[in-house]
Amino acid sequence: MDPISAVSEQLGQIDGQIADIFRALSNGFQKLEKVKDVNRQSRQLEELTEKMRECKRLIKDFDREVKDMEGRNDPNTNRMLNEKKQSMIKELNSYVALKKQYAATLENNKRVDLFEGPGEGLNEDNVLLASSMTNQQLMDHGNQMMDDTDQAIERGKKIVEETINVGTETAAALKAQTEQMSRIVNELDSIHFSIKKASKLVKEIGRQVATDRCIMSMLFLIVAGVVAIIIVKLVNPNNKDIRDIPGLAPPAQARRLLWKPN
């Protein structure tokens, strides 16, 4: 039997779920290496990220159960459970680092098209145009192209500055939203854990109520039997088939007078 299941059935169940997720993550990243399409890689990476979120929630549940049972376990058991928890966290962090590596690679692949140059036929058109122009026209055309380039650079600078400002504001908003989402997730995990503990408590109370009902039924039958015996004894005191009840005085015998008055 698994040592964790021997300590607690709930801990054994959580440990089994976490082990299943780790196997799914390992197989998922192995398949991700063979996928060449960027969109498919992105979708599969999102699925693996969702599994990692579920694994993080289960590890939190495992930690809560360990802390709840810490006072009832011996030191060796507590050390074993804490080492198991640290092992889970370490393995999850390794998958998180691997996910970040794949995410960075996907982001670089999506930006490759930003560095592509112009079409191949553009150089031939420029050669044909230059051969039909005089030196002055070539100079004027060159100056015009330089002016257009300078204007394009200025526009590019403004766009970059606006993009940086928007990016800074977006990053701040995303950070605030991420912190809020983390707080919400932690609260939901706490609520989920409280609901499970309440369900266990309700089951225990139900078992205790059922036991109390059985005891009350047995006491009622015993009392009813004693009362029935007493009634039979009182109604038919000469019945020898019914034994006397300890603590209950036998019925009074009819007295006979030895001397009868005239």
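Predicted model: local features only at pLDDT ≥ 70, side-chain atom pairs only at ≥ 80, totals over all residues.
Residues are numbered from 1 along each chain as its sequence is written. Local features need pLDDT of at least 70 and side-chain atom pairs count only at pLDDT 80 or more, while totals for chains, interfaces and linings use all residues, and side-chain values use heavy atoms, with hydrogens and water left out.

Reader: Which pattern does the chain follow when read along the sequence?
Author: Helices (H or I, at least four residues) and strands (E, at least two) are taken as DSSP runs, numbered from the N terminus. On that basis the chain has six helices and zero strands. Read along the sequence, the pattern is α-α-α-α-α-α.

Reader: How many residues apart are Phe22 and Tyr95, the pair that links distant parts of the chain?
Author: Rings of Phe, Tyr and Trp (its six-membered ring) pair if their centres lie within 6.5 Å, with planes under 30 degrees apart counted as stacked, over 60 as edge-to-face and the rest as tilted. By this rule there are three aromatic pairs, and Phe22 and Tyr95 form a stacked one, at 6.0 Å centre to centre and 25° between the planes. Phe22 belongs to helix H2 (residues 9-34) and Tyr95 to helix H4 (residues 75-110), which places them 73 residues apart.

Reader: Are Phe22 and Tyr95 buried or exposed?
Author: Buried means under 20% relative accessible area, exposed over 50%, and partly exposed in between (1.4 Å probe, protein chains only). Of the 262 residues of the chain, 16% count as buried. Phe22 and Tyr95 are both buried.
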